[in-house]
Amino acid sequence: MRFRYITFLFGSIFVLGAGAKAEKKVTMAKATSEQSVFFETKVRPLLSENCFRCHGGDPKKDPKAGLDMTTLEGMLLGGDSGPSLIPGDLDNSLIIEAVRYRNEDMSMPPKKPLSTEKVKILEEWVRSGAPWPGFEGELVVGKEGSEEPYDWDKFRREHWSFQPVIKPVAPATGKSEWPKVDLDHFILAKLKSKGLKPNAQAEKRILLRRAYLDLLGLVPKPDEIRAFMNDDSPDAFTKLVDRLLDSKHYGERWARHWLDVARYSDGLGGFGDGQDLPGAWRYRDWVVKAFNEDMPFNEFARRQIAGDCLEDESKDPVATGFFAIGPTYKGDGGDAEATNAAKAETLSDRVDTFSRAFLGLTAACARCHNHKFDPISIKDYYSLAGIFNNSRLNLNHPLGTKDEIDAHKEGNARVKEKQEELNAWSVEVREDGMRKLMRQSGDHILALYRYYQQRNKDGGISDRNKYATEKGIEPKSLNQWERVLKDARNKGKFPLLATWFEKSPLDEKTKAIEAELTDSAKVFRERIVTILDDLDGRDSMWREDMKTQGKRLPRPRASKEDLTFLNHLRGGPCKIGNPDELGDKFKEKHKAMRDAVALARKEVPPKPPTAHVLNEGGSTDMHVALRGDLAKKGEVVPRRFLRVLAGDDSPIYKNGSGRKELAIAVTDSSNPLTARVIVNRVWQWHFGQAIVGTPSNFGILGEKPSHPKLLDWLASSFVEEGWSLKKFHRKILLSATWQMSSVHDDAKFAKDGDNRFLWRMNPRKLDAENWRDSLLVASGELDFTIGGSPITNILTSPRRTLYSKISRSGDRFDSDAFLRLFGFPAPQSTSAKRAVSTVPQQYLFMMNSSFMQKRAQALTQTLQQEKDPGRRIRMLYERLYSRLPEPRETEAGLTFVESTSDPSKVWAQYAQVLLSSHEFMQIQ
């Protein structure tokens, strides 16, 4: 169903902000008595009957498109798209354009056009200055409002996230020995203000397991556990943290966090966005590498926004996969409305993902109107959308060095050259061969007639092929002519052979006389020879021209009628489909040329890999789309950064799409959001909850920070230390806050049940990736290979869950079903945080799935060398929980495994129970 939004458009009038009206002054002449009568008897009734019902006539409803036509002031001020009336100006008065019904998108009244007489009434009224009785002199329109949609300075001054980041001094906390680093003082001061005390430090083994799962997403192995537990040096934990941050598996774990924000998938999003993205994994691997190399976050952000636009030494197009792996919608069938809708949705995704990921703002809410809560105008939205409107998706951007790319292109060019030589030679020699057969056509059809006349006579030759060979004719020619002449449908193709089709000369009882057949064949042959002689003459000039010009030219062709005639011969009785049919000499050359093509193809250097990226695609500004409809164009807005952040006179982007300038603005030290947003995300990924509980919304509807001074101290320190994520991790993990026990305390819980003020470390359930990967580590099956193309079924693969293929729709692969069951976020849009769920289906999976049974069997295999049941139980607890079992746990385990006479099965069952336990699924 098509919905039409009818609004009056006027290019020179700005699009009005929510609740804002521009002040204008209009001078109106006093209506004469004749004009007053004309208005009251002709114009007002016409407007009342056809316009007022929708545009201001019902006081209980807002006028459609914001246009009130019941007053002169309403018409002069206009609606969403500006004034509907310009007194004295027919061409620019949009009420006239609407009633003339010449513009499909601007036709009023919408159901039925006005009569010609009524249109003329309105034209006469506007032409005469639009006199409206009671209005004269200077009329001020829209005085009650301001054209500014927001009080920008008030937002910058009063809302915490738009204020500059100023590094606070760590608060004094008395003589407490609890703080280890500066950030602990902020936590302790807040706890004291709430009448709370922090928990004591967690046990050493808990810190070990917590660090492994936090930084690597994997449980530690027994030898790693023993090495750490036996290290009694004061800096044992510091050394552990440094070693984990240096691990190549750190990047895998932390890349997955960012990929949630980047709404990473391998495509296949369903209707309008169903394309596969087979190279999406290259962006995933880029993120892993960036984290492992500790790429400064400002550079990390800059490259994802504009990696293809940067200087040669830092050009990094793969990073723009951040946008390229997102949905790119396509309209169905090329319908303009569907195409616009698809484009609008794609731009909305780009703007939304960008603004929420890097700025913590919901800029896409301003797509159809000024943001209702945050200082983001519709102009701001289309300033950003214009940047992405000038960025083109390239699904096959070549990677590798310039030499590699050039070598591959040159190799393919050689193959193409050899193939073209083969094709041209084949066409030419086949054409020459067919022309030879054409010239012999008369002789061949007469030979065929004579063969039929003699074959049943004494001494005749019954075998047609033998007859042809004795007469020096290629047997295939007689076979092809026989098929043609026995099919009456070919008469229209060869009218000169009419007697052959009418008298059936290939029948022994034919009434045809040889003389008339000979004449027919002669006339037929003469026409062929005449055409071919002309072509042969032109061929001589053609070959000379090619020799002179040094390039291949198209071979001369006969006239249209003659060409049709020759093509009937080429496709029928004189057809040569392959040069091999021309004899051994041609057959040998044909083989040699094919071999040359094959050799050239074999020698082509490997094709450089490709990636999905954004490329530059223009430098034009966008129109505001009225009510979000790209077909309804408002004013043109320049590409620039958000006004609330960049200032009232923010610079206009003129360099290509503007993504390079946008990347600079996002990472500029004066931008108060980017550093705050990323340190808040990292804090959440470490503690299970963020300082700002809405990590992708720092706007008015977002939560206020629980520790605002800590947030700014962290953001300032982060920038001072070069935007280094590894230094930030180290700062957090070495803090007393992160090292706290997660032990429950009733009194503290009563005061702060949500643990917003961090009196303990939050115990957390492992996410799907952590849990599955740790299962494989514990069972000794995990494949530690880094990177590469995705696997299609993680339930049978030993690779890390990061490398599974996932669809945007979440319903294409077995991995989709598994991940969805354990709370994986839908990749249709950027995800701020994981939802935590505990549902029966998860436990049914652990109890009954073959995946869990195979992990248990593999885990049991690692115990085969140990025969003592008690030591086996100790080994299992160490592998799974990084601790030794308590006596009661050992006793329960022994009771279970000794309760059956089939140890092979009972140990696997026991292992499956331990693998499915809450303790294994949690970070304490």
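Visitor: At what angle do helix 7 and helix 8 pack?
Guide: This is a predicted model, where local features need pLDDT of at least 70, side-chain atom pairs count only at pLDDT 80 or more, and totals for chains, interfaces and linings use all residues. Residues are numbered from 1 along each chain as its sequence is written, and side-chain values use heavy atoms, leaving out hydrogens and water. Helices are DSSP runs of H or I with at least four residues, numbered from the N terminus, while axes are lines fitted to C-alpha atoms over the stretch in contact, with angles from 0 to 180 degrees between N-to-C directions. For helix 7 (residues 204–215) and helix 8 (residues 222–229), the axes lie 10 Å apart and the angle is about 130°.

Visitor: Which word describes how helix 7 and helix 8 lie to each other?
Guide: Angles under 35 degrees count as roughly parallel, over 145 as roughly antiparallel, 65 to 115 as roughly perpendicular and the rest as oblique. With an angle of about 130°, helix 7 and helix 8 are therefore oblique.

Visitor: How do the residues where helix 7 meets helix 8 divide by class?
Guide: Lys204, Arg205, Leu208 and Tyr212 of helix 7 touch Glu224, Ile225, Phe228 and Met229 of helix 8, where contact means heavy atoms within 4.5 Å. Ala, Val, Leu, Ile, Met, Phe, Trp, Tyr, Cys and Pro count as nonpolar, Asp, Glu, Lys and Arg as charged, and the others, Gly among them, as polar. In the contact of helix 7 with helix 8 there are no polar residues, five nonpolar and three charged.

Visitor: How many residues of helix 7 are buried?
Guide: Buried means under 20% relative accessible area, exposed over 50%, and partly exposed in between, using a 1.4 Å probe and protein chains only. Among the buried residues are Ile206, Leu207, Ala211 and Leu213, and also Arg209, Arg210 and Asp214. Helix 7 is mostly covered, and of its twelve residues the buried ones number eleven.

Visitor: Which helices do the buried residues of helix 27 pack against?
Guide: Helix 27 (residues 708–720) has 13 residues. Its buried residues include Leu710, Trp713, Leu714 and Phe718. These buried residues of helix 27 pack against helix 6 (182–193), helix 12 (297–306), helix 26 (674–687) and helix 28 (725–733).

Visitor: Which residue with a positive phi follows helix 27?
Guide: Helix 27 reaches 18 Å from its first C-alpha to its last, close to the 18 Å expected at 1.5 Å a residue, the expected span being 1.5 Å times one less than the number of residues. After helix 27 comes a residue with a phi near 80°, Gly722.

Visitor: What is the relative accessible area of His444?
Guide: His444 belongs to helix 17 (residues 441–454). Not counting residues up to four places away in sequence, His444 touches Leu437, Ile473, Ser477, Leu478 and Trp481. His444 is buried, with a relative accessible area of 5%.

Note on methods
Helices (H or I, at least four residues) and strands (E, at least two) are DSSP runs, numbered from the N terminus.
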